[in-house]
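Here are a few exercises on strand pairing and helix packing, each with a worked solution. Take a look at the model, try each task, then read on.

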Amino acid sequence: MIEAELSRSAQRWCKGATGATSAAKLSGGASQETWRFDIVHPDGVIGAILRRSPKGYGAAPTRAAGLAAEAQLMQLAFEAGVPSPRVMHVLVPEDDLGTGFIMQRVEGETIARKILRDEQYAAARPILARQIGGILAGLHRLPRDKLPELRIRGATQEISEFDRDYRSLNWPKPVFELALRWLRDHDPGPSAETTLVHGDFRNGNLIIGADGVRAVLDWELAHLGDPMEDLGWVCVNSWRFGEIDKPVGGFGSREELFAGYEAAGRKVDPERVKFWEVMGTLRWGIMCGGMMQRFREGPDHSMERAMIGRRASETEIDLLRLLAPRGS
Amino acid sequence: MQDEPTPIELTKAVADFLRNDITPLISGHQAFKLRVAINILDLVTRQLTQEEGSNAREVERLRGLLGIDGSVTELNRALAERIAKGEADLTTPGLAEHLWATTMDKLAVDQPNYASYKRELGRGG
């Protein structure tokens, strides 16, 4: 049982801790898991989260930065004032928990539909788009020399990777072909500056409370590249959850996002943001195709995966709305 | 010829049974999975109902666009190749209309509640 290992681990690095309780798995596939648990402490229970690759799953998928890098980035972000959970402990072999890290639990909501609909977030919603702009500016300003080793990906390289991923699916989709062609024709080339890119900054990966964004999660796709990528990805229609007229995660307008970003002293290139929004829409569509393929060929024969495969058509209509809009 | 009731009637009967009789008995993660299962059956029912007509219209349009004949899969592959080679694009007469019609037919089966689809449907097709 994982509680025994967590208990021994917490007692080693958390001064005064007497054990761990209430461990529950939150999510995860075979190679990466997230658990919540409580550290028992005389001063009161400390809510914690474990992110780990269980023993025997050392190798990270090719696009992932790896859990060690993720921990380092979250800590850097936390120190720089970007809303982020505090990293409490990076796993060592004595923990007997695999590889990964333990962070302080941040209370709040990550389920996008609740954030967009529930009354308790009504006051937060109007400020989120602008706030997100400020957070992204802070994230893009993290000092390069302190970052862990990360892959570098620019627009040109991403196009050819998606092209290859799409072709490996053997899943002919004229709309995806059209999008790939558009991306090649509009490739903005290398950006003027290369910064940290979160890589999966969107509604669903943010912990939100009544006061706004409390933490940015899921840094596993972090890399170095064009900062406008994060601004485009957060605008992809798939993360608006029905609020299609509010491009920034269903919260607000691009103008608010850009204003928040520029108020924090950074410059927006709207053309590049649009490019990355198209790229992001295609990226999610190809990911849906990947789910379909894994459902068909992999050991995980789950209904959820199968149904995500059928969501590729959502990205097709969104790509058409971006590239071939019909007269209103 | 296969016997009756039809696949459409059968999947609909199973979906209705799960929705009306089983849903109230299930909770937690299994309830979530049950909802996914019902969604799958509903999708299959929509596909069985609509696919024949939408495929026929799609093939008709593809024949016109490409000037060749084939199955819906073969014709889609041929169109994808032409776009990849730069032989067809949004300036090709009828291509945008074809892609819109095809995509709308797909969404009608996959995700008729998707907000972008409902918006475009409101535009009159």
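**Exercise 1. Work out how strand β3 (residues 46-53) of chain A is joined to strand β5 (residues 99-104) of chain A.**

Solution. Step one: six bridges join β3(A) to β5(A), and the two run antiparallel; strands count as paired if DSSP finds at least two bridges between them. Strands here are DSSP runs (E, at least two residues), and helices are runs of H or I with at least four residues, numbered from the N terminus. Step two: R51(A) lies opposite F101(A) in β5(A). Step three: β5(A) also pairs with strand β4 (residues 87-90) of chain A, antiparallel over three bridges. There, V87(A) has M103(A) as its bridge partner.

A word on the source: this is a predicted model, in which local features need pLDDT of at least 70 and side-chain atom pairs count only at pLDDT 80 or more, while totals for chains, interfaces and linings use all residues. Residues are numbered from 1 along each chain as its sequence is written, chains are lettered from A and ligands numbered from 1 in the order in which they are written, and side-chain values use heavy atoms, leaving out hydrogens and water.

**Exercise 2. Find which strands stand at the edges of the open sheet of three strands in chain A.**

Solution. Start with the order, β6-β10-β7, where the pairing is mixed. β6 (152-153) and β7 (195-197) of chain A each have a single partner strand, so one side of each has no neighbour in the sheet. Next, β6(A) pairs with strand β10 (residues 223-225) of chain A in the parallel sense over two bridges. Within that pair, I152(A) faces L224(A).

**Exercise 3. Describe how α2(B) crosses helix α3 (residues 72-85) of chain B.**

Solution. First, the axes come within 10 Å and cross at roughly 40 degrees (axes are lines fitted to C-alpha atoms, for helices over the stretch in contact, with angles from 0 to 180 degrees between N-to-C directions). That makes α2(B) oblique to α3(B); angles under 35 degrees count as roughly parallel, over 145 as roughly antiparallel, 65 to 115 as roughly perpendicular and the rest as oblique. Finally, look along α2 (residues 28-66) of chain B: a kink of about 50 degrees is centred on Q50(B), the bend being the angle between axes fitted to the seven residues ending at a residue and the seven starting there. Just after α2(B), G67(B) has a positive phi of about 70 degrees.
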